[in-house]
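Dear colleague,

Please read the two together.

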Amino acid sequence: QVHLVESGGGLVQSGGSLRLSCEGTGNIYRINNMAWYRQAPGKERDLVATIQRGGETHYVDSVKDRFTISRDNAKNTVYLQMNNLNFADTAVYLCFAEIQVSAHSEFESWGPGTQVTVSS
């Protein structure tokens, strides 16, 4: 069994910063692509940023130049540095990963989510 666990969420004022972490645990052979998603109340779950195992990144326009996704393969961990936060960033942030438990199989895994709330 493998699990993803997010941390780093909380309450922050507009213009502030937070750094989210997501660590994979269990019998992990290798983690390939990783991503951060977010879901606000009453809205669809939306992609925020992706990062490939080799480090190539992609961001949606609404967070470009404010958020930075990175990873540490030795720690099976992905990060999301969020700067200049505003109220529209308020959401549950979820970690996604494509995890291999052997050389011959791959599974999609989600973390339980961490709440980010941006106040005025």
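Two strands are said to pair if DSSP finds at least two bridges between them, and the strands themselves are DSSP runs (E, at least two residues) numbered from the N terminus. Please keep in mind that this is a predicted model, in which local features need pLDDT of at least 70 and side-chain atom pairs count only at pLDDT 80 or more, while totals for chains, interfaces and linings use all residues. Residues are numbered from 1 along each chain as its sequence is written, and side-chain values use heavy atoms, with hydrogens and water left out.

I begin with strand S9, which meets several partners. Strand S11 (residues 114-119) runs antiparallel to S9 and is joined to it by three bridges, with valine 116 in S11 as the bridge partner of alanine 91. S9 is also joined by five bridges to strand S10 (residues 105-110), again antiparallel; here alanine 97 has serine 109 in S10 as its bridge partner, and a hairpin of two residues connects S9 to S10. Strand S4 (residues 30-39) pairs with S9 in the antiparallel sense over eight bridges, and arginine 30 has glutamine 100 in S9 as its bridge partner. Nine of the twelve residues of S9 are buried, so that the strand is mostly covered, where buried means under 20% relative accessible area, computed with a 1.4 Å probe on protein chains only.

The structure holds one disulfide, a term that stands for a pair of cysteine sulfur atoms within 2.5 Å. The disulfide joins cysteine 22 to cysteine 95, with 2.1 Å from S to S, and the link is left-handed, at -85 degrees about the S-S bond. Because cysteine 22 lies in strand S3 (residues 18-26) and cysteine 95 in strand S9 (residues 91-102), the pair ties together parts that are 73 residues apart in sequence. Both cysteine 22 and cysteine 95 are buried.

Strand S3 belongs to an open sheet of four strands in the order S1-S3-S8-S7, with antiparallel pairing. Strands S1 (2-7) and S7 (67-72) stand at the edges with a single partner strand each, so one side of each has no neighbour in the sheet. S1 and S3 pair over six antiparallel bridges, and glutamate 6 stands opposite cysteine 22 in S3. Serine 21 also lies in S3 and counts as buried because its relative accessibility is 19%. Beyond its neighbours within four places in sequence, serine 21 is in contact (heavy atoms within 4.5 Å) with Val5, Glu6, Ser7, Trp36, Val78 and Tyr79.

With best regards

Definitions and conventions: Buried < 20%, exposed > 50% of the residue type's maximum accessible area, 1.4 Å probe, protein only.
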